[in-house]
Amino acid sequence: MTTTLDRTANRALTPGLPARLSLTPKTTLAGRLDGAWWPRSRDLAAELPALADALEGRWGRITRVLVNPGHWPVVPHKAAVTGHVLHVGWFIEQDPDKIILLSSTTGRCDLLVVPPETEAASATRLMTAAALPGSTLTAGSLMSDEAATGRRMREARSSEDAWETDGGAAPALRPYPSAPPAAYPAAHPVGARMIPLPGYMRVTTWRS
């Protein structure tokens, strides 16, 4: 798997930055996805050149892109990439969490689109899962699973915070001394007298 994650980049698009990608290794195991893409913005025209350049070495020249318009405010008809023009189309029936790229030489590449605002830890999990060879999970399924994982993690943190706030942490126990103080005789009170007990009847309650 090839992964490029830039966790320090600004949310706004910065020209010249490489595309953040994770791609499945070359294998005979065919899955639903060929990897994942984590764009830095929802400006599709500005994001596509870096993506096309990153994929050219493996998929050849990308000539056409298909998206669902639900996650992209503007879907251009064309986008200028290195050395040629990329044609862009959209279909509302397409999985909104996926982008399809068509190459004139090697066919089709399907990528999960990780939303730009996704936290780095969540994006890493998604990009790793999308690049597993032979996975039958769709882009929508991966996003749903990650949303559920995020909810469980937030609930666990909330429960832990509430426990500590309410004083749920158990107080530290005072350690037992390693041996009974010499001032305490091995005897039991009977009336007003202290009668020593035989050694075999003494009960030791000190714990080291």
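1. Let's start with R42 and E117, whose side chains meet in a salt bridge with an N to O distance of 2.9 Å. The term stands for a side-chain nitrogen of Lys or Arg within 4 Å of a carboxyl oxygen of Asp or Glu. R42 sits in the loop between β3 (35-37) and α1 (44-59), and E117 in the loop between β8 (107-113) and α2, so the pair ties together parts that are 75 residues apart in sequence. R42 is partly exposed, at a relative accessible area of 31%, and E117 is partly exposed too, at 48%. Here buried means under 20% relative accessible area, exposed means over 50%, and partly exposed is in between (1.4 Å probe, protein chains only). As a reminder, side chains of opposite charge can pair when their charged atoms come close.

2. A word on the model before going further. This is a predicted model, in which local features need pLDDT of at least 70 and side-chain atom pairs count only at pLDDT 80 or more, while totals for chains, interfaces and linings use all residues. Residues are numbered from 1 along each chain as its sequence is written, and side-chain values use heavy atoms, with hydrogens and water left out.

3. Now the overall layout. The protein has 3 helices and 10 strands, and along the sequence they follow the pattern β-β-β-α-β-β-β-β-β-α-α-β-β. Helices (H or I, at least four residues) and strands (E, at least two) are DSSP runs, numbered from the N terminus. Of the 208 residues, 33% count as buried.

4. How many salt bridges does a search of the whole structure find? The search gives 4. One of them joins the side chains of D110 and K98, at 3.3 Å from N to O. This pair links distant parts of the chain, with D110 in strand β8 and K98 in strand β7 (residues 98-103), 12 residues apart. Are D110 and K98 buried or exposed? Both D110 and K98 are buried.

5. The two helices α2 and α3 have a bridge of their own. E146 forms a salt bridge with R125, and their closest N and O atoms are 2.6 Å apart. E146 belongs to helix α3 and R125 to helix α2, so the pair links distant parts of the chain, 21 residues apart. E146 is buried, with a relative accessible area of 10%, whereas R125 counts as partly exposed at 32%. Elsewhere, salt bridges that share partners join K98, R108 and D110 into one network.

6. Helix α2 (residues 120-130) deserves a look along its axis. Its buried residues are S122, A123, L126, M127 and A130. They cover an arc of only 130 degrees around the axis, which puts them on the same side of α2. The arc is that of the directions from the helix axis to the C-beta atoms. An α-helix has 3.6 residues a turn, so residues three or four places apart point the same way.

7. R152 lies in helix α3 (residues 139-165) and is exposed, with a relative accessible area of 51%.

8. Some C-alpha distances are handy when you turn the model on screen. T138, in the loop between α2 and α3, is partly exposed at 27% relative accessibility. The C-alpha atoms of T138 and R32 are separated by 6.1 Å, although the two are 106 residues apart along the chain. D53 is placed in helix α1 and counts as partly exposed at 36% relative accessibility. Its C-alpha atom is separated by 7.7 Å from that of V81, 28 residues apart along the chain.

9. T63 lies in strand β4 (residues 62-67) and counts as partly exposed at 26% relative accessibility. P73, in the loop between β4 and β5 (78-81), counts as exposed at 66% relative accessibility. The C-alpha atoms of P73 and L44, 29 residues apart along the chain, are separated by 8.5 Å.
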